[in-house]
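Hi everyone, thanks for coming. Let's have a look at this one together, and stop me if a term is new.

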Amino acid sequence: MKIGSIDVQPVLDGVGHESKDALTRPGVDDPWACHPGQVGADGRLHFDLGGFLIRTGDRVVLVDVGVGGISNDSYTGGDFLDSLRAYGVGPEDVTDVLFTHLHFDHVGWATRRGEIVFPNATYRVHAADWAHFVEADAAAAGAVRKLGPLRDRLAPFDSDVTIAPGLDARHTPGHTPGSTVYVLSGDDGQRALLLGDVVHSVVELAEPDWQAVFDVDPVAASAARNTIADEVRDGPDLVVGAHFPGLRFGRVVTVDGDRRFRAL
């Protein structure tokens with residue numbers, strides 16, 4: 001994908017599997033019945049894991065870095081660095097690593113066995129997520145081990161901010177306290193929004209009242225999803241979620257009065 005002069009490419013790491021009940025519509029027995037093909041034969045949701053490579057000016061930027069070397073019945077990663085090298089980019093070439101939030105399936109390649117994977121990069125995340133996942137007294141030990149080594153390379157932000165030419169951070173709390181959408185803007189007026197887990201499934205762009213069990217604040221998360229979906233609806237802006245099939249961009253359009261996601 002090219003947004004003006006900005007290159008953005010998906011970096012696949014692996015796949016995840018969750019019960020379909022992780023995303024639901026309150027008060028409806030089987031909301032997925034209206035969305036055939038979205039649930040596997042085993043009754044689970046199957047989704048891609050990874051991140052995005054962005055090249056803008058002299059910056060080589062990653063937005064999220066997959067799940068890492070985890071391999072179990074629910075999550076399997078391991079392909080991220082090979083996917084990155086297929087684009088001609090090595091870990092040492094990355095100038096910035098941006099996190100949409102700090103859940104484990106987005107920070108997997110931030111460090112490996114206590115060592116920073118992208119040695120020349122500045123790591124950036126909203127300060128509210130760093131406080132919640134790393135600094136809080138109740139922070140999970142696994143998150144502290146994974147992310148603690150980044151402290152000396154960390155540049156947290158606490159407001160909407162420009163990260164690089166044509167690349168802006170937009171705070172969208174709800175999924176997590178510091179959940180962030182990254183907005184790419186081209187010289188020609190084209191925009192693309194990297195939604196992280198503000199939207200887990202394309203279905204959430206169509207269904208305004210669905211909820212995800214992963215959301216720290218379901219009310220705020222729903223409001224954030226619907227605000228963005230309505231903002232880009234029937235317009236030229238492109239959107240992509242962190243787990244959309246193939247990490248493919250698309251647009252939100254109106255079909256028979258309802259919102260729908262159409263992949264490019």
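**Pockets and a buried arginine**

So, the second largest pocket: α3 supplies the largest share of its lining, four residues. Before I go on, this is a predicted model, where local features need pLDDT of at least 70 and side-chain atom pairs count only at pLDDT 80 or more, while totals for chains, interfaces and linings use all residues. Residues are numbered from 1 along each chain as its sequence is written, and side-chain values use heavy atoms, with hydrogens and water left out.

By pocket I mean an open set of points on a 1 Å grid over the protein atoms alone, where a 1.4 Å probe fits, with protein on both sides within 12 Å along at least five of seven lines; lining residues have an atom within 4 Å of a point. Helices (H or I, at least four residues) and strands (E, at least two) are DSSP runs, numbered from the N terminus.

Back to our pocket: 18 residues line it, and Phe-104, Val-107, Gly-142, Ala-143 and Lys-146 lie nearest its centre.

Now the largest pocket. Its lining has 24 residues, with Leu-23, Leu-45, Phe-47, His-200 and His-243 nearest the centre. Strand β4, residues 44-56, gives the most to that lining, four residues.

Last stop: Arg-259, in strand β18. Is Arg-259 buried or exposed? Buried, because its relative accessibility is 6%, and buried means under 20% (1.4 Å probe, protein chains only). Its side chain makes a polar contact with the side chain of Asn-226, at 2.8 Å. That's a pair of N or O atoms within 3.5 Å, where one must be able to donate a hydrogen and the other to accept it; residues adjacent in sequence count only if both atoms are side-chain atoms.

Methods. Buried < 20%, exposed > 50% of the residue type's maximum accessible area, 1.4 Å probe, protein only.
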